[in-house]
Amino acid sequence: MTTRPANLLVIFGATGDLAQRMLLPSLFGLERDRLLPEALKVLGCARSELDTEAFVQQARETLEPHAGADDGDALDRLLGRLEYRPVDLAAKTSTGKLVREIKRRRNDGDVLFHLSTAPRWYPTICSALAEAGLDDPGTRVMLEKPIGHDLQSSTEINEGVGQAFAEDQVYRVDHYLGKDGVQNLLALRFSNALFEPIWNARHIEQVQITVAETVGLEERAGYYDEYGAMRDMVQNHMLQLLCLTAMEPPSRFKPTAVRNEKLKVLNSLRPISGSDLEANSVAGQYTTGAIDGKTVPGYLEELGSDSSTETFVALRTHIDNWRWSGVPFYLRTGKRLPRRVTEIYIQFRQVPHSIFSGAAGSLKPNSLIIRLQPEEHISLCLMNKKPGLDRNGVHLSQVALDLDRHSAFDQENRRIAYERLYLDAIEGNGTLFVRRDEVEAAWSWVDTILEGWHTRELAPKQYQAGTWGPSSAVAMTERHGHSWRE
Ligand code: BG6
């Protein structure tokens with residue numbers, strides 16, 4: 001059976017925070033550009049005992065602030081697609097009744113189920129779908145992260161889902177893959193002849209990936225305190241960025257080709273364990289500090305109880321293959337850091353010999369900085385001669401060739417990551433979704449570090465909110481002659 005665009009999108013968890021902040025606005029963005037299939041209906045399901053009218057009214061209130069003066073028709077068109085059914089996932093009869101109704105009204109097209117509930121419900125929902133006969137190849141299920149809490153729980157969830165659906169029907173979301181700047185990383189690497197010949201250990205000295213946030217716990221204390229930065233950010237977003245930065249060129253931009261290459265990277269990651277653990281990993285937790293001149297409370301105060309959950313992680317790892325042999329990959333993520341930035345920093349090796357003897361001190365290695373957030377910006381830092389009549393040797397200075405993606409493509413609106421992901425899942429293209437073996441390989445690597453911290457009773461080190469994490473994260477790079485880019 002060939003994949004056809006879905007004409008029914010069912011969102012479980014349709015009244016949740018993600019739906020309000022991302023999912024409905026993304027559907028609206030697609031509607032505005034007439035990218036949704038003509039016949040698509042969107043059925044929201046959640047615990048709240050609402051009727052369709054009340055759900056549509058809620059959606060209207062959510063979307064009105066996103067609508068421009070000319071968007072009234074698009075808003076009405078989208079609201080006209082929405083329906084709502086309450087469901088109690090804990091009650092088999094309630095879930096059964098809902099999925100039987102969906103089965104009855106399903107007409108010719110494919111169906112996309114988006115599970116935006118707590119992941120423990122995924123197997124329950126999937127087996128109810130299968131029991132109702134909604135497991136044919138025309139059904140796709142989109143799963144939100146986190147898929148589990150560790151390798152074992154992730155395997156259990158994946159098994160439960162896998163009993164109902166074949167792997168190519170399962171679309172695991174990592175919203176970073178939906179970001180345009182992240183896809184541009186692939187364009188940059190694989191559609192320019194310039195970079196690939198030097199994208200290896202012979203020419204690259206070190207790679208840094210930073211995902212820094214200024215926010216703290218927000219409204220998610222229960223979730224975050226159970227997960228922490230390693231499970232919340234490293235296991236998924238950071239490792240996906242690492243994969244896209246380090247993978248071999250896939251033969252084409254298609255699901256199997258791309259995912260196979262990412263998996264090879266994950267399987268080549270050197271475990272951080274034993275005596276390496278303290279040298280190559282740092283966990284931190286923020287204390288009271290200031291961001292943008294405003295005092296912010298510490299993690300424990302925000303949480304209101306004691307906790308050893310890490311809000312910051314810095315790692316030094318290696319990819320043990322020919323391309324990357326000996327190149328350190330530094331990963332760093334945290335809450336309440338001085339500024340919001342997501343960036344990949346590639347530092348090339350120094351020139352083998354400087355002909356400008358008087359200028360040797362100022363010679364800096366080339367670097368490529370790919371900033372994904374808050375703005376998308378690419379800088380290639382090169383050495384230049386400072387203009388002037390130097391009489392005691394050439395004076396050198398580093399200058400950046402800058403590509404500001406927003407000014408370069410100013411006619412394009414910025415899209416929400418979920419717009420891309422919905423568009424692809426509706427059309428049945430899984431390239432920007434994560435395969436089961438990737439998720440499990442990532443958990444396996446992350447679990448080793450978490451278990452090491454636990455066994456050695458390594459509590460997170462404190463850092464003041466508004467700083468770049470504990471000083472040991474700085475020491476981790478400086479021991480090797482490197483410094484974090486700040
Ligand atoms: C989510 C994490 O997956 O990503 C959050 O659960 C984090 O803790 C968020 O804040 C960051 O996403 P973005 O798109 O704002 O970088």
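# Salt bridges, ring pairs and a buried helix

Mentor: Glu83 and Arg85 meet in a salt bridge whose closest N and O atoms are 3.1 Å apart. The model under discussion is predicted.

Trainee: Is Arg85 buried or partly exposed?

Mentor: The relative accessibility of Arg85 is 21%. Buried requires under 20%, so Arg85 counts as partly exposed.

Trainee: Which parts of the chain does the salt bridge of Glu376 and Arg405 tie together, and how many residues apart are they in sequence?

Mentor: The closest N and O atoms of Glu376 and Arg405 are 2.6 Å apart. Glu376 lies in the loop between strand S14 (367–373) and strand S15 (377–385), whereas Arg405 belongs to helix H12 (residues 405–408). The pair therefore ties together parts whose separation in sequence is 29 residues.

Trainee: What is the relative accessible area of Glu376, and what is that of Arg405?

Mentor: The cut-off for a buried residue is under 20%. Both residues are classed accordingly: Glu376 is buried at 9%, and Arg405 is buried at 11%.

Trainee: Which residues do salt bridges with shared partners join into one network?

Mentor: The bridge of Glu83 with Arg85 has already been described. Through shared partners, the network joins Glu83, Arg85, Glu101 and Arg105.

Trainee: How many aromatic pairs does a search of the whole structure find?

Mentor: The search covers the whole structure, and the number of aromatic pairs is 11.

Trainee: How many residues apart are Tyr330 and Trp484?

Mentor: Tyr330 is buried, as is Trp484. Tyr330 sits in strand S12 (residues 329–334) and Trp484 in the segment after helix H15 (471–478), so this pair links distant parts of the chain, 154 residues apart.

Trainee: Why is helix H13 largely enclosed by the rest of the structure?

Mentor: Helix H13 spans residues 417–427. Its buried residues include Tyr418, Leu421, Tyr422 and Ile426. Helix H13 is largely enclosed because the buried residues number 9 of the 11.

Trainee: Which elements do the buried residues of H13 pack against?

Mentor: The residues concerned include Ala417, Glu419 and Asp424. The buried residues of H13 pack against strand S1 (6–12), helix H1 (17–32), strand S4 (110–115), strand S5 (139–143) and strand S6 (170–172).

Notes:
Residues are numbered from 1 along each chain as its sequence is written. This is a predicted model: local features need pLDDT of at least 70, side-chain atom pairs count only at pLDDT 80 or more; totals for chains, interfaces and linings use all residues. Side-chain values use heavy atoms; hydrogens and water are left out. Buried means under 20% relative accessible area, exposed over 50%, partly exposed in between (1.4 Å probe, protein chains only). Helices (H or I, at least four residues) and strands (E, at least two) are DSSP runs, numbered from the N terminus. Contact means heavy atoms within 4.5 Å. Rings of Phe, Tyr and Trp (its six-membered ring) pair if their centres lie within 6.5 Å; planes under 30 degrees apart count as stacked, over 60 as edge-to-face and the rest as tilted. A salt bridge is a side-chain nitrogen of Lys or Arg within 4 Å of a carboxyl oxygen of Asp or Glu.
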